[in-house]
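Work through the exercises below with the model open. Try each task before reading its solution.

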Amino acid sequence: SSDESLYTMARDTLQALTDEAKAVIDKVNVHGYEYEDGPRDEVYDEVVKMAAGTKLYNSEYGDGDATGLSLARNFALDIQWLHPTAWVYWQVLDGGGWGALDSTLDGDSVGVDEANPKWYRLAQYTRHFRAGMVVIDGGGDDTVAFYDSEAQTLTLVTTTYDIDNDRSSVNVKHDLSAFSHVKGPITRWATSTGVSPYQLYEGPLNDVALDSEAKAFSAAFASNTTMTFVVEGVVV
């Protein structure tokens, strides 16, 4: 299929294809350069109308935000609304904020200059999501959730951004009462760029308590913070 830069272009291209053309397509690619805008859900709807098993990839996403906050927001929006089965970052090694690793790509000093915070924020996802996990509803646009039925683990990644009203932190609660059984423990990792010194993939930490009766837990987030929670002993 086409490999459009924008969700809007991808939707329009798919809508313009004949049924005969759609019948021979087994994968649709789209890039994420419309960022927080664009009809992600409508692209997904068009793919659902195609032959059973047609794959949908976000085959290229990149941004110049070295903190990784833009990446976190747009990855979560893609998971929530686009439902891709693959998600590809532009180039891990690139200059400035575009690279997870800020790198010199030409001249006499080719190589990695430093790891941007984006490297660590990306790790909050890539070091925990594995093939075979099932994407489930995370309860909002700022949380993604993956369930491993074999290991009976639930992985949630939540990001907070700027906090209003001059508060130093915000309490985020995750309600797991839809599961039949939640035993724990809970392990977490954190990347935070709201206050210096930054937390850069700090963990594993075992400081989150599970309310077994309510099947819920809470954690305090500073501004511009991403946390990964791995909850063990979770049964659907």
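**Exercise 1: a helix pair**

Y7, A10, R11, L14 and Q15 in α1 meet R40, E42, V43, E46 and V47 in α3; contact means heavy atoms within 4.5 Å. This is a predicted model: local features need pLDDT of at least 70, side-chain atom pairs count only at pLDDT 80 or more, and totals for chains, interfaces and linings use all residues. Residues are numbered from 1 along each chain as its sequence is written, and side-chain values use heavy atoms, with hydrogens and water left out.

Task: Describe how α1 and α3 pack.

Solution: 
- Sort the contact residues: 5 are nonpolar, 1 is polar and 4 are charged. Here Ala, Val, Leu, Ile, Met, Phe, Trp, Tyr, Cys and Pro count as nonpolar, Asp, Glu, Lys and Arg as charged, and the others, Gly among them, as polar.
- Take the geometry: α1 (residues 7–16) and α3 (residues 40–48) pack at about 25°, with axes 8 Å apart.
- Classify: α1 and α3 are therefore roughly parallel (angles under 35 degrees).

**Exercise 2: the cores**

Task: Find which residues have the most contacts inside the largest nonpolar core.

Solution: 
- Define the core: buried Ala, Val, Leu, Ile, Met, Phe, Trp, Tyr and Cys residues joined through side-chain atoms within 4.5 Å. Buried means under 20% relative accessible area (1.4 Å probe, protein chains only).
- Name the residues: L154, F217, F229 and V231 lead in this 20-residue core.
- Inspect F217: beyond neighbours within four places in sequence, its contacts include L156, V172, I186, F229 and V231.

Key. Axes are lines fitted to C-alpha atoms, for helices over the stretch in contact, and angles run from 0 to 180 degrees between N-to-C directions. Helices (H or I, at least four residues) and strands (E, at least two) are DSSP runs, numbered from the N terminus. Angles under 35 degrees count as roughly parallel, over 145 as roughly antiparallel, 65 to 115 as roughly perpendicular and the rest as oblique. Buried means under 20% relative accessible area, exposed over 50%, partly exposed in between (1.4 Å probe, protein chains only).
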